Amino acid sequence: MMKSLFLSVLLVSVLFMNSFSEVQGKKWKGEGTTQNLESIVIGRCYDYIGIVNPAVGEKNCSAIWEAFKNAFINKDPCNILPNDYELFINLSFHTIPPNKSLFWENNQLLVNSFAGRGRRYMSLADTLFGFVADYLNWCGQANSAGLDYESCPTTEECENNAVESFWRKASATYAQHSSGVIHVLLNGSVVGGAYPEPGFFADYEIPNLQKDKVSEIVIWVVDDIEGPDIESCGTHTVKILENRLKTLGYDVTCTDNYKSVMFLLCLDYPDDSKCTLSSAVFSVDGSLLSDGPFTDTGTIWSVVVSQL
């Protein structure tokens with residue numbers, strides 16, 4: 001009888017401790033560290049230097065991972081600063097080609113597609129230092145060499161978290177080394193403003209552009225195919241952006257629904273009224289492919305797709 005009672009109490013204690021540990025482990029509101037983070041970062045590094053952009057030359061992917069990890073492990077996950085990633089940036093940095101930089105707000109998937117992994121443009125995610133971390137999540141724990149796979153702090157919980165500080169540092173570095181014609185792709189259908197303030201472009205990229213290296217800033221405001229036309233060039237937050245850049249001394253041009261981007265969007269919505277093509281067909285770089293009449297929609301789209 002006493003033995004049975006002892007075992008029952010022990011079982012309840014174990015269950016309570018396990019439940020308590022789970023509650024203790026999930027102390028943040030955000031998702032935990034991406035599973036297999038080390039393998040993903042190192043694998044992406046080798047993928048980038050071997051296949052995506054071999055022109056960057058040899059990089060020590062293991063050292064890059066160690067520098068990345070050491071920026072946030074054994075530290076309070078709410079006290080990670082952008083400069084903690086300095087060594088990682090130095091080890092993974094490479095030149096950003098002139099006229100290829102593509103900044104954005106509120107349209108990450110579109111930018112990834114339009115940039116074409118650096119073939120057309122080189123967005124932050126198309127650099128090595130952005131490529132290895134894109135779409136990942138991570139954080140460490142104070143006084144522990146391990147990663148927290150249960151939960152990580154959101155920006156609302158603390159601004160100086162591992163992911164937020166990483167992208168602040170990466171964004172500033174990307175802007176500092178962008179040159180020539182700078183391109184900015186904004187979403188004209190988003191509620192809250194195509195050019196958000198605060199925002200990464202407003203707070204970390206514009207202040208780090210080097211005016212003597214920038215010849216022009218080209219803004220594209222593109223609506224979602226099935227979305228509303230909330231903002232356009234010269235209106236609302238886009239006007240605020242244009243005025244800010246002009247005040248800083250930049251030459252600025254702005255185009256609504258840039259044809260090259262619209263063609264890409266229309267691949268997923270070929271029957272939408274916004275995707276009706278005129279007789280003038282353009283390539284993705286904006287150059288005229290044909291000025292004759294097209295009666296065969298399939299022919300039109302085959303021409304467009306061949307350019308993507």
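**Before you start**

Residues are numbered from 1 along each chain as its sequence is written, and side-chain values use heavy atoms, leaving out hydrogens and water. Because the model is predicted, local features need pLDDT of at least 70 and side-chain atom pairs count only at pLDDT 80 or more, while totals for chains, interfaces and linings use all residues.

**Stop 1: the whole chain**

Show the chain as a cartoon. The chain holds 11 helices and 11 strands. Helices (H or I, at least four residues) and strands (E, at least two) are DSSP runs, numbered from the N terminus.

Now switch to a surface. The accessible surface of the chain is about 15500 Å², and carbon and sulfur atoms account for 54% of that area. Such areas come from the Shrake-Rupley method with a 1.4 Å probe; for residues, only the protein chains shown count as cover. Of the 308 residues in the chain, 46% are buried. Buried means under 20% relative accessible area, exposed over 50%, and partly exposed in between (1.4 Å probe, protein chains only).

A contact means heavy atoms within 4.5 Å. Taking contacts between residues at least 6 apart in sequence, 73% join residues at least 24 apart.

**Stop 2: the cores**

Select F68, F72 and W138. These residues have the most contacts inside the largest nonpolar core, which has 57 residues. A nonpolar core is a set of buried Ala, Val, Leu, Ile, Met, Phe, Trp, Tyr and Cys residues joined through side-chain atoms within 4.5 Å. There is also a second, separate core of 19 residues, and L110, Y121, V222 and C266 are among them. In soluble globular proteins, nonpolar side chains tend to be buried together.

Which residues does F68 touch, not counting those up to four places away in sequence? Select L37, V41, Y85, F88, W138 and F166 to see them.

**Stop 3: aromatic rings**

W65 is buried at 3% relative accessible area, and F68 is buried at 1%.

Aromatic pairs are found by ring centres: rings of Phe, Tyr and Trp (its six-membered ring) pair if their centres lie within 6.5 Å, and planes under 30 degrees apart count as stacked, over 60 as edge-to-face and the rest as tilted. The whole structure has 20 aromatic pairs. In one of them, the ring centres of W65 and F68 are 6.0 Å apart and the planes are at 35 degrees, so this pair is tilted.

Are F68 and Y85 buried or exposed? Both are buried. Their ring centres lie 6.1 Å apart with planes at 45 degrees, so this pair is tilted. F68 is in helix α3 and Y85 is in the loop between α3 and α4 (86-92), 17 residues apart, so to speak linking distant parts of the chain.

To finish this stop, select W65, F68, F72, Y85, F88, W138, F166 and W167; ring pairs link these residues into a cluster.

**Stop 4: salt bridges**

A salt bridge is a side-chain nitrogen of Lys or Arg within 4 Å of a carboxyl oxygen of Asp or Glu. The count comes to five.

E66 is partly exposed at 34% relative accessibility, whereas K69 is buried at 19%.

Move to R168, which is buried at 11% relative accessibility. Its side chain meets that of E159 in a salt bridge (3.4 Å, N to O). The side chains of E164 and R168 form another (3.4 Å, N to O). Shared partners join E159, E164 and R168 into one network.

**Stop 5: a hairpin and a covered helix**

Strand β4 (residues 140-141) pairs with strand β5 (residues 144-147) in the antiparallel sense over two bridges. Two strands pair if DSSP finds at least two bridges between them. G140 stands opposite L147 in β5. Two residues lie between the strands of this hairpin, and N143 takes a positive phi near 60 degrees.

Last, select helix α10 (residues 259-266). How many of its eight residues are buried? Seven are buried: S260, V261, M262, F263, L264, L265 and C266.
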